[in-house]
Amino acid sequence: MMWARLMVGVGGPGLGLRASRDGLLRVSGAGCPGKRQQQRQASSAEAALKKTPLFDFHREHGGKMVGFAGWSMPVQYKDSHIVSHMHTREHCSIFDVSHMLQTKVHGRDRVKFMESLVVADIAELKDNQGSLSLFTNEKGGIMDDLIVTKTDQGYLYVVSNAGCADKDSAHMKARLAECKAAGFDVDLEFLDEALIALQGPSMSQVLQQGVKEDLSKLTFMTSALATVFGIPGCRVTRCGYTGEDGVEISVPQHRVVELTEKLLQNREVKLAGLGARDSLRLEAGLCLYGNDIDETTTPVEATLVWTIGKRRRQNKDFPGADIIVPQIKAKTARKRVGLVSTGPPVRQHTPILSSEGKVIGEVTSGCPSPCLKKNVAMGYVDAAFAKNGTAIQVEVRKKACPATVSKMPFVPTNYFSG
Amino acid sequence: MAACGLLRSVSSNFITVLPALSRSAPLCPWRRVSKPCFGRTIASSSRLSAALKFTDKHEWIRVEDDGNGTVGISNFAQEALGDVVYCGLPEVGTQLAQQDEFGALESVKAASELYSPLTGEVVEVNALLADKPGLVNKSCYKDGWLMKMTIANPAELDALMDEAAYERYIRSIED
């Protein structure tokens, strides 16, 4: 067999297996850049991959390292992909996500600054509350998705995708220069803290042993500073990318190995890599930037209208608002949907057909669901076919296989509301 | 375990998965034919390794007593692919030329085409794999066989690698 087929991306048209001349299994990686750039990037990516503070730790623990978005990251450890995936759903797993970009926005005008770039109502957020939001561009396309938290410490805390780090930081810096020139009091600080995610139903039981704050008060999408297992200066945010109850912990670089080791002392906890991260988020119906959303998709096409704050829709004061806001009423020609099938797995670029065989769209990401033992996927279809329950087909290896438009999440989520 | 020394040389990445593999699969069958092995498996090791030939695309074919060939993928391949969740296999009666694509295996994260090691006709397909695709991982040389085919041109076997040559081949592409 030849590994000629690309895998589902783990953050962009990213993680791929491609065949070389001698049929060798080769792993290449990329983030947000398009396919052509991915090929070009592959060789230089292998040459100069960045390492998180957990790099040696991953290897010591049997991590299989791959290039992803310019970083060397573990795709899995000793456990198989499915075992790791199910462990996260039944116990909890640690993911190293230090490659993601963490930013603080300081200054009196930080909310105005950030709102000029994203679609969220940040002013209305409660202290220490966060929200998923989107950087949009003037054409109404999505530049990246991110979580912005309005802390009570005098700054906004922003986490955005690794594959878009260069793009996002350039974007924010450019806006910063404009705002400063206009007299705004605002500053950016790009953090070098490490970031680990602890995700799964036993997360809070595990973490509570290391923090004195009552975790039952830290609800979904809230954030707090805390000393975690004796390590001061950590930020704990109740959010994640798996659909399970979980946190992301921003921790000083020089102590992240120590924190990870402490967490692993609890038998509930195992390490998990990017492979499981991708199948977990797909089951949870969460978008992957670069696959399911990108600069050619508007938030309305992507069924992410809920991220656009009510006040922002009224004031139309974010990039691309003149294109995006009218789409909310007028509807768009295509829509992002979930789909479920049995038979051969459905992957990115799989054509979607009507039951009559007409091409009506394309899959943007998909994988066999370890929980459901069916294939789950996301893609864009002509709006007429976007209703849940619509019978469609997917074309896999030149054969049409039946599929059904399905609501997401595919697997129920377990976010902690208190 | 002693037999793990073989695969240890293949890649440091694979060390950690060896315990899981060797629990269920015969230990490195293509190498340990003539050496003492763990008693229980030695007889099956000999039988399995008797006529295993390998392609450079990591399929193996074993000539059976009835003259037909059983086809599967190697341990190197199943390990790299990960948990197989779907096997796309041909219909019985399909005529295949050497190197024709005859199906595909899919894991959660990867898909891989399968290429026929020889010219022949498909006479049987492993029906167990429909419900238990994981057999390809657990027992890639035995219960996880993919298909059986006639061998139209036995001379084609000579072009395939024997165990030792395949072992060297894996080592050469591993770096």
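Is D187(A) buried, partly exposed or exposed? D187(A) is partly exposed, at 37% relative accessibility (buried means under 20% relative accessible area, exposed over 50%, partly exposed in between; 1.4 Å probe, protein chains only). The model is predicted: local features need pLDDT of at least 70, side-chain atom pairs count only at pLDDT 80 or more, and totals for chains, interfaces and linings use all residues. Residues are numbered from 1 along each chain as its sequence is written, chains are lettered from A and ligands numbered from 1 in the order in which they are written, and side-chain values use heavy atoms, without hydrogens and water.

**Salt bridges**

- Over all chains there are 28 salt bridges (a side-chain nitrogen of Lys or Arg within 4 Å of a carboxyl oxygen of Asp or Glu).
- D187(A) pairs with K180(A), the closest N and O atoms being 3.1 Å apart; K180(A) is partly exposed at 39%.
- E244(A) and R89(A) form a salt bridge at 2.8 Å, N to O.
- E244(A) is in the loop between β14 and β15 of chain A and R89(A) in helix α3 (residues 81-90) of chain A, so the pair ties together parts 155 residues apart in sequence.
- Both E244(A) and R89(A) are buried.

**Sheet**

- An open, mixed sheet of six strands runs β13-β14-β15-β12-β6-β16 in chain A (strands are DSSP runs of E, at least two residues, and helices of H or I, at least four, numbered from the N terminus; two strands pair if DSSP finds at least two bridges between them).
- β13 (223-228) and β16 (269-271) of chain A each have a single partner strand, so one side of each is left without a neighbour in the sheet.
- β13(A) and β14 (residues 231-237) of chain A pair antiparallel over five bridges.
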